[in-house]
Amino acid sequence: MNRDRHVDGRWTAWLFLAPVTIYLLAFYAYPLYRNIELSLREYTVRSFVQGGAPFAGLDNYQKILSDPTFGPALAHTVVFTVASLAFQFGIGMALAVFFHQHFPLSRTLRALFLVPWLLPLIVSASTWSWMLNSDAGVVNAALGTVGVGPVNWLTSPDWALASVIIANVWIGIPFNLVVLYSGLQSIPVALYEAAALDGATGWQRFWRVTFPLLRPVSAITLLLGLIYTLKVFDIIWIMTRGGPTDSSTTFATWSYRLGFGSLLPSFGPGAAVGNLLIVMALTAGLVYIRLQRRQWA
Amino acid sequence: MKRLLKTAVGLALTAVMLFPVYWMVNVSLTRDQDMRADPPHLVPLRGTLEGYRAVLDQQLPYLGTSLLIGLGTVALTVALAAPAGFALAKLRPVGGGAFSFVLLIAQMIPGIIMAMGFYAIYLNLGVLNSVPGLILADSTLAVPFAVLIFTAFMSGIPDELMQAAVIDGAGRLRAFWSVVLPVSRNAVVTVSLFAFLWAWSDFIFASTLDGGGDHQPITLGIYHYIGNNNQQWNAIMATAVVASVPATILLVLAQRYVAAGVTAGAVKD
C-alpha cells in the first residue's frame with residue numbers, strides 16, 4: 001500500500017506541475033515557435049496583421065548574413081561581451097578578496113555595492129548618458145582637471161562602444177562580487193593558515209590557494225555573465241541606440257531595431273538575428289550546465 | 001590601525017562605485033541654469049525641487065502602473081512557481097529532472113526574442129498595450145528562476161514534517177498549503193523580491209508590447225521624457241531617483257534575501 005501511495009504521489013506531482021507546464025508551453029514554447037516562424041516567412045506589415053505571409057525558407061538568414069551591419073554587429077557583440085566580462089570579473093574578484101577581510105563596516109559597504117545591480121537599467125543608462133555628455137558631463141569635467149581634452153563619448157563612433165561597456169561593467173560588478181564572495185567563504189581557513197605557516201606572501205596565497213580553489217565558482221560566474229551580457233539590450237539602446245552609424249550595434253540591438261525601431265518593421269530579418277543570438281546563448285548555456293553537472297557530481 | 005586603514009580604503013571604493021548614484025541625486029536637485037555649469041557643481045548648493053515637482057505632475061500615473069504590474073507579476077509568479085517547486089522538491093515526479101533542465105534553458109533565452117514572439121501573438125489576440133498582457137510577459141522573466149528557488153528551498157524541508165501531516169489525514173494539497181508553504185516564507189520573500197524588481201525595471205517588454213498604451217510603466221515614462229525633453233535633466237534624474245526608490249527600500253529591508261537570490265544562480269535579465 002505504501003508503495004502504491006508512492007507511485008500515486010509521483011503522478012499527482014504532475015497536477016502541481018500542470019499550471020507551470022501549460023504556462024511554459026503557452027508563454028515560452030509558443031513565442032519561440034512564432035519567432036522561428038517569423039524568421040522563415042516574408043512578412044509585410046499587412047501580412048503580419050492578416051496572416052498569409054509566403055514561406056521564404058532561409059531567405060531572411062541569407063539577407064542578414066549579407067547585410068553590411070552583420071560584420072560590425074558580430075564584432076561589437078564579441079568585443080562588448082569579452083571586455084565586459086574581463087573587467088566585471090577582474091574588478092569583482094579584487095573586491096571580493098578585499099571585502100573578505102574583516103574590518104569595521106565591511107559588511108555594510110559590501111551591501112551598498114549591490115545598489116547598481118538593483119537599479120532599473122533605464123535609470124543607470126540615463127545617469128551614465130548624462131555623466132558622459134560631451135559638453136556638460138562630469139566625466140569630461142574630471143578629465144579636464146587633469147588636462148585631458150573633452151571626449152565625445154556617446155556621439156563619436158570611436159567611443160560609443162567603450163561608453164556602453166563602461167556602463168555595463170559598472171552594472172555587472174555587484175553580481176561578480178557577490179558570487180565570488182560566496183565562493184571565497186567556502187574555502188577552509190585552515191588552508192590559508194597552512195600557507196601562512198609556509199611563509200607564503202599575500203600575493204602567493206591568492207595565486208596558489210584562492211584562485212585554484214575558486215575555479216569552479218569562477219567558471220560559473222563567467223558563464224552566467226556571458227549569457228547575461230549577450231542579452232544586454234536596454235543599456236545600449238538607451239545610451240546610443242546602437243549608433244552613431246552602427247558603431248555600438250550588437251545582435252540584440254540590431255534585432256530590436258529591425259523589428260521595432262522604425263515605422264516599416266522587418267520582422268523576418270529581425271527574428272532571424274534574434275535566433276542567431278539564441279544559438280549563441282544556448283551554446284554558452286549548455287557549457288554552463290555541463291560544468292554545473294560536473295560540480296554536483 | 002591596519003583595520004581602520006582597510007575601512008578607509010573600503011569607504012573610498014564604495015564612494016567611487018556609488019558616485020553615479022550620488023550624481024543622479026545631485027543632478028535631480030540642480031537648477032536648470034546651473035545644469036551646464038563648467039565645472040559642474042559637486043553639491044546642489046542652490047538646489048531646486050523643480051524636478052520633483054515635474055515628477056509629481058507628470059509621472060505619477062506611470063508609477064502607479066508600474067506598481068500594479070509589479071504586484072501582478074509577483075502574484076502570478078508565486079502562484080505558478082510555489083506548487084511546482086513543491087512537486088519537484090517533495091513529490092519527485094517522473095521526468096522531474098528533465099523539467100528542471102527545461103527551466104534552466106528557459107532563462108537563457110534573450111528578452112528580444114521573447115518580445116518579438118509575444119508581439120506577434122498579442123497582435124493577433126488584441127492584447128497589445130494592456131496591463132495584463134505586460135504582467136504575463138514580465139512573469140516570464142521570473143517564473144523559471146522562481147521554480148528553481150522554490151525547489152532548492154523546499155528540498156531542505158524535512159520529509160518527516162510533511163509525512164506527519166499526511167498521517168494526520170491531510171491530502172497533498174493540504175500538506176502543501178498548511179505545512180510546506182508557511183515554512184517556505186523565506187523563499188516566497190526572495191522570489192517576490194526578484195519578480196517585483198524585474199517587472200519594475202523591465203524596459204524591453206514595455207517598449208515592444210505597451211508602446212502605445214494608455215497605461216504605461218515608469219521605464220517608458222523616463223524613456224519618453226528623455227526623448228521629448230532632453231534639456232530638463234533635473235526632471236529626468238528626479239524621475240530616475242523616484243524609480244529607484246523601490247530597489248533601495250527592498251535592498252535595505254531584504255538585504256540577505258538579495259544575496260541569497262544572486263548566489264542561488266540568478267541570471268539577471
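Contact here means heavy atoms within 4.5 Å, and on that basis 95 residues from chain A and 95 residues from chain B take part in the contact between the chains. The model is predicted, with local features needing pLDDT of at least 70 and side-chain atom pairs counting only at pLDDT 80 or more, while totals for chains, interfaces and linings use all residues. Residues are numbered from 1 along each chain as its sequence is written, chains are lettered from A in the order in which they are written, and side-chain values use heavy atoms, with hydrogens and water left out.

**Interface of chains A and B**

- Chain A and chain B bury about 8,600 Å² between them, 79% of it on carbon and sulfur atoms, where buried area is the accessible area (1.4 Å probe) that two parts lose on being put together, summed over both.
- Helix H1 (residues 2-40) of chain A supplies 23 residues, the largest share of the side of chain A that touches chain B; helices are DSSP runs of H or I with at least four residues, numbered from the N terminus.

**Helix H3 of chain B**

- Helix H3 (residues 60-91) of chain B, with 32 residues, reaches 46 Å from its first C-alpha to its last, close to the expected 46 Å, a span defined as 1.5 Å times one less than the number of residues.
- Arg92(B), which follows H3(B), has a positive phi, near 40°.

**Ser207(B)**

- Ser207(B) is found in helix H10 (residues 204-209) of chain B and is buried, with a relative accessible area of 16%, buried meaning under 20% (1.4 Å probe, protein chains only).
- Not counting residues up to four places away in sequence, Ser207(B) touches Tyr256(A) and Leu220(B).

Terms used. Helix = DSSP H or I, 4+ residues; strand = E, 2+ residues; numbered from the N terminus. Buried < 20%, exposed > 50% of the residue type's maximum accessible area, 1.4 Å probe, protein only.
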